[in-house]
Amino acid sequence: MKLELHRVKIHKLAWGKETSARDGLLTVNKEELLTMLRKDERLAKVDLDFASPGESVRILPVKDVVEPRYKMEGPGGVFPGMVSDVETVGEGKTLVLSGAAVVTTGKIVRFQEGIIDMKGPGAEYTPFSRTCNIVVILENTEDLDKHDYETACRMAGLKTAAYLARKCLGAAVDSVETYETPNLKDAMAAHEGLPKVAYLYMLQSQGLLHDTYLYGVDVKKILPTLLNPTEVMDGAIVSGNCVSACDKNNTYSHQNNPIIHQMFKRHGKDFNFLGCIVTNENVTLADKKRCSSYSINLAKTLGVDGLLISEEGFGNPDADLIMNCWKAERAGIKTTLLTDEYAGQDGASQSLADSTPEGDACVTAGNANEVVVLPPMDKVIGVPEEANVIAGGWQGSLAEDGTITVELQAILGATSELGFTKLGCYTI
Amino acid sequence: MVKEIERAGLPVVHVCTIVPISLTVGANRIVPAVAIPYPLGDPNRTPEEEKEIRRNLVEKALKALQTEVTEQTVFTD
Amino acid sequence: MTYRIIHYINQFYAGIGGEEKADITPEIREGVVGPGMALQAALRDEAEIVATVICGDSYFASNLEKASEEIIEMMKKYSPDAVVAGPAFNAGRYGTASGGICEAVSKQLGIPVVSAMYPENPGVDLYKRSCYIVETTDSAAGMRKAIPAMAALVLKLLKGEPVGSPSEEGYIERGIRKNKFYEKLAAERAVDMFTAKLHGRPFVTEYPMPVFDRVEPNPPVTDMKNAVIGLVTSGGICPGGNPDHIEASSASKFGEYDITGIKDLVCTEYCTAHGGYDATYADQDPDRVLPVDVLRDMEKEGVFKKLHNKFYSTVGNGTSVASSKRFGAEIARRMISDGVTAVILTST
Amino acid sequence: MSCRRLLITNNPFLSKNISCSLPVEGTSLDVLRITREHVHGGWAVLSSPLYGNLRPHQHPYRSVLIEKSESQSGEVDLLSLELIENALLIYTSQEFSILSSEGMPEEVREDFACIDAELMKETLERYRLFPRQGMEGRYL
């Protein structure tokens, strides 16, 4: 499989008559985009706004972030099973509006969602303070079922991302990156002498607001399976996950999965990267046992020497992470884990809900419970009162002057377990 | 608690129902007991039988205390 | 500005006396006492030791809550900016008291606290999470090195300067996780570590998984006939009415109960304080949890020399690791000083 | 009614709608404690006690589905014990801040009850405990 990512760099946003990209400026036809989004009768109200790096703007509660992408050459279309048909993706050419991001905001249930600050201390923690954000503000119709509303919000983000990139087809491309993965037969024969490795990609799949989709399939219903890394770049994995903001893998992070990028960088030099195994994190114990055994068996079947494992979320998924780890290690497969920590506001509690002596190589993206103070911003997009009820906040988190005191947990992508930030932990 | 007593230099035997917990808390000499609400007894037996059960367990505990161990050991018989 | 510091020391370092004076109640004196002089010198003119609290080690150990309360009340009058306790070196009860007072001060007054101990001092395990404990040698010979490190650390805390790693500052690792921004993305660090592990190169995990601390088993009892058996339970057995008010779960204390002359724990005299299991059976016959009856029989038969005339009891259910450690250490200390040679601990 | 599978829950919506349930009047920690008692008595947990990406102080409801062991030996299921002990460790370490549904506005409780039920749904359906007909009440 060979995929070319054609990047059009965006560093400025403007409203205009025609949606297009030119010289780093993304112009958006607000009316056209709104008309498209308002066709969804589940939404009572849709609005749009911009938030750019360095502006005194806060967005909350953020549901998802999506990078605008569109297929220039197929097969298939972006976000298969969601926006496009279920045709396999990961080949051909894909246009990327690099530096732009679609951010969806709106209430779903009261304790969810995250914060993006475009300036100040909060901006240091979230990767999305550095993107030019097109914010989609959503409001549901009365008495709409929560599942339907979640779907409507998710779709609005994906549709906007696809729309923006589609309208920019033909724009001057700033760079082209090529990713190529041979079929298994050739891959196995290549890079003799280098250890074979795979990436075990764990996806949140616990239930409403804790779900992820693979080609439109609810991941809690899958058995672990193989996935080509380039499929991820075309949006084969879509987030339906709303908690917790700091370590949910939003769609943007999936599209740009930094682990995959790092694995490609080392491929052929340090190891032979064969691809991804995607697995889930279910509530049912039988699923945990089944899927961890199944994943490791897939890895054994591939004959890999090492597995890099990334988790999504915490608590219950810690059990999956640990099972995946020791089952792999006992099968003779070396593992490295990427997780984050919930060590309490004082950092003194046990960070993970489970542990194993085999987990001797573990990178963490930080303690999600550490408290940060976010000074007031000139402008708030969304519903500021949500600061009191979002995960990571508490009653009283929002001060009268707009200052918000929260755990990092509330900041979108702050402790990304795909490793999207530079945050980490050390012991004092 | 059991670990601190051991650390202080006293040989200690842990008579307990949930052996895995005892292993987790770091007891070195472990004697499995009858059941959680009555570790050293059994209300379904006659008082005499019950005392016999208890006596057996205590004897087992004393035997454990007199046994050289190098690692965590569960004394089942 | 000069910061106001209160120094906590025990009866021995105050020059009052050794073990025979370990029962003295807390007192506070203006200015420096004993090792406080060296500490004051190390603090130079940046901070002043305004008062010194002196308390007997045994008094503190057996009246943990009361003693902390009394001492904090005494301290309040001097409106301290920080408290320094010790150094306690390898003195167990002094270490426990120093750590205990630091924890209480930090919780109730919210000001910086620093202590200093030998890593094997039981106070370290109990309190390293609550306060910075500077690492010392096992005897007062290490005073010269400990004092400047304590002074430097407390000044740093007072000024709100960032505290470095344990090895940089000379304190014992507290096991507290702190965030920091690394040079590289977490993903890159993960792939770096992964590569190192694959190729058998050294790497340092960013999160050491907790390993259970183990204690070497003690040698067995070789002379059972002369053994004194101590009884301990986490099943909450106590005299009727639970006179010490041991909590049904998350116990904050243990009880010590005299059983001199008692041949059998009968339901009219004893009961259980445990809230974690169906207590009916234990209440019907407390021997089902604490086998006093058969042990008395065996004592009479001469299987062992003596059943210790006190038993110790607490509730294991939901009780924090730190509390049960503290209970265990204190119970062991009391039993050893009473001549117990082996222990049976029962749990439900 | 004797149930081989039992849902231990303090979520009123679930205890009302799931026939084999053991309603708990109390906090999420009480649910975990009662679950541990059952595990000690030989029951195995079928669902992770730490489901949902929320901390103890962020969610008042907890539900755990357990199953009675078929053997009469009453042997303790070690994986269940490990999971419940790990969960208790997390809950007891912040016991003071555990969120209670008491005094919470109804609208808020309903949201929490809804998410709790949604997170348990898959497991309950798996074991045919989720009612096929629409559940009664709007999540409370």
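**View 1. Strand β25(A) pairs with strand β7(C) in this predicted model.** The two strands run antiparallel and are joined by 5 bridges; two strands pair if DSSP finds at least two bridges between them. β25 covers residues 423–427 of chain A, and β7 covers residues 177–181 of chain C. Look for Gly424(A), which stands opposite Lys180(C). Helices (H or I, at least four residues) and strands (E, at least two) are DSSP runs, numbered from the N terminus. Residues are numbered from 1 along each chain as its sequence is written, with chains lettered from A and ligands numbered from 1 in the order in which they are written. Local features need pLDDT of at least 70, side-chain atom pairs count only at pLDDT 80 or more, totals for chains, interfaces and linings use all residues, and side-chain values use heavy atoms, with hydrogens and water left out.

**View 2. Chains A and C share the most contacts of the 5 pairs of chains in contact.** Here 56 residues of chain A meet 37 residues of chain C, contact meaning heavy atoms within 4.5 Å. About 4200 Å² is buried between the two chains, 61% of it on carbon and sulfur atoms; buried area is the accessible area (1.4 Å probe) that two parts lose on being put together, summed over both. On the chain A side, Lys422(A), Tyr426(A) and Ile428(A) lose the most area to chain C, together 20% of what that side buries.

**View 3. A salt bridge links Lys197(C) to Asp360(A).** The N to O distance is 2.8 Å, and the interface of chain A and chain C holds 4 salt bridges. The rule asks for a side-chain nitrogen of Lys or Arg within 4 Å of a carboxyl oxygen of Asp or Glu. Elements that each supply at least two residues to the chain A side include α7 (258–266) and α9 (316–330) of chain A.

**View 4. Domain 1 and domain 2 of chain C meet.** An automatic or database domain assignment gives domain 1 as 3–169 and domain 2 as 224–346. Their centres, taken over C-alpha atoms, are 34 Å apart. The contact takes 8 residues from domain 1 and 7 residues from domain 2, and about 590 Å² is buried between them, with carbon and sulfur atoms giving 58%.

**View 5. Lys325(C) and Asp125(C) form a salt bridge.** Their closest N and O atoms are 3.0 Å apart, and the count between the two domains is 1 salt bridge. On the domain 1 side, α5(C) gives the largest share, 3 residues.
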